[in-house]
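Subject: A structure for you to look through

Hi,

Here is the structure I said I would pass on.

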Amino acid sequence: GYRNSANPSRDESSMKSGDLFSWQDSTIGTKLIERDSLEVCMHHKSTKNAPERCTFETRDANEQARNLTDWHQKYDQVGAGRFYGRIDELRLNDLQVYREHSSHTLYQQCMVRSDGIWFGIPDNPEDCRINGQPLDQTDILCRPGNQPFDLMTPDRFNMLGIVVSQHELMKASLLQGVEIKATDAVSHPRLRLPPKTLQQLRYLITRIVESRSGRIPLDSRIHH
């Protein structure tokens, strides 16, 4: 059940690994869900179709793979040392925006949900490989749903990611007068962007992930 308290107390001795704990914070109207103090989700109930935010932290590489919503993944840690991973995720209908951190080199086997298309923006692309292919400084990653792919990511790695419905992406491109070919995402896992466009995209996604209000926080640094 839920406890109507801003500072809920829990009997730590009754907690079991994997148990789901939840409570209602009456001061901000937010339901928080926590799994062993590693997962916190926020569902803003005051706004219709409000985004859902989750933060996941783990010491296990394969749990990190499972924590990213609606992905089919397996991670293998390369090298010794205690792993630490974190995912900050925002979901709104068919849109998923996230930031992922991993402490150690990983070999990742990944597949995006069937109706989605993924764009990944690594912070140090030269040290990242997709399907064995190296990346240049201004490359981003792109894979459609139901297409397995492999990633090799280095120590102390950060990735920004967007998954959007292919249908919604095509509809938006038509409204903007931009031609997008669905076959391009299958044939080209690496997309090269102008440096300024990449810088603005990184900034925008980071602001979205870090925003507490659920609104897209545009400012004078972002230009169309």
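Predicted model: local features only at pLDDT ≥ 70, side-chain atom pairs only at ≥ 80, totals over all residues.

**Aromatic rings**

A pair of aromatic rings is described by the distance of the centres and the angle of the planes. There are four aromatic pairs in the structure. Start with W71 and W118, an edge-to-face pair with 5.6 Å from centre to centre and 90° between the planes. W71 sits in the loop between α1 (61-67) and β5 (72-77), while W118 belongs to strand β9 (residues 116-122), so this pair ties together parts that are 47 residues apart in sequence.

Are these two tryptophans buried or exposed? W71 is buried, with a relative accessible area of 9%, and W118 is buried too, at 1%.

W71 also pairs with F149, again edge-to-face: here the centres are 6.4 Å apart and the planes make an angle of 75°. Since F149 is in strand β13 (residues 149-153) and W71 is in that loop between α1 and β5, the pair ties together parts that are 78 residues apart in sequence. Both W71 and F149 are buried.

**The nonpolar core**

Some of those rings turn up again here. The largest nonpolar core has 18 residues, and the ones with the most contacts inside it are W71, W118, L141, F149 and L151. Which elements give two or more residues to this core? They are β4 (52-58), β13 and β14 (157-165). The largest share, three residues, comes from β14.

Leaving out residues up to four places away in sequence, L141 touches W118, F119, G120, C128, I130, L135, L151, M159 and P189. There is also another core lying apart from the largest one, with 16 residues, including L90, I117, I162 and L198.

**A sheet to trace**

Strands of a sheet pair through backbone hydrogen bonds, either parallel or antiparallel. In this structure you can follow an open sheet of five strands in the order β5-β8-β13-β10-β11, with antiparallel pairing. Which strands are at the edges? They are β5 and β11 (133-134), and each of them pairs on one side only.

β5 and strand β8 (residues 106-111) run antiparallel and are joined by six bridges. To find one of them, pick K74, whose bridge partner in β8 is Q109.

**Charged pairs**

Side chains of opposite charge can pair when their charged atoms come close. How many salt bridges does a search of the whole structure find? It finds eight. Here are three of them to look up:

- R86 and D88 meet through their side chains at 2.9 Å, N to O. D88 is buried, with a relative accessible area of 10%, whereas R86 is partly exposed at 30%.
- R113 and D115 form a salt bridge at 2.8 Å, N to O. R113 counts as buried at 15% relative accessibility, and D115 is partly exposed at 33%.
- R192 and D139 meet at 2.9 Å, N to O. This pair links distant parts of the chain, with R192 in strand β15 (residues 190-192) and D139 in strand β12 (residues 139-144), 53 residues apart. R192 counts as exposed at 55% relative accessibility, but D139 is buried at 3%.

Some salt bridges also share partners, and these join R86, D88, R99 and E210 into one network.

**Cysteines**

A disulfide is a covalent bond between the sulfur atoms of two cysteines. How many disulfides does the structure hold? It holds zero. Take C128 as an example: its nearest cysteine sulfur is that of C110, 9.7 Å away, and C128 is in no disulfide. C128 is buried, with a relative accessible area of 0%. C142 is buried as well, at 3%.

How values were computed
Residues numbered from 1 in each chain as written. Heavy atoms only, no water. Phe/Tyr/Trp six-rings, centres within 6.5 Å; stacked < 30°, edge-to-face > 60°. Helix = DSSP H or I, 4+ residues; strand = E, 2+ residues; numbered from the N terminus. Buried < 20%, exposed > 50% of the residue type's maximum accessible area, 1.4 Å probe, protein only. Salt bridge = Lys/Arg side-chain N within 4 Å of Asp/Glu carboxyl O. Disulfide = S-S within 2.5 Å. Core = buried A, V, L, I, M, F, W, Y, C linked by side-chain atoms within 4.5 Å. Contact = heavy atoms within 4.5 Å. Pairing = 2+ DSSP bridges.
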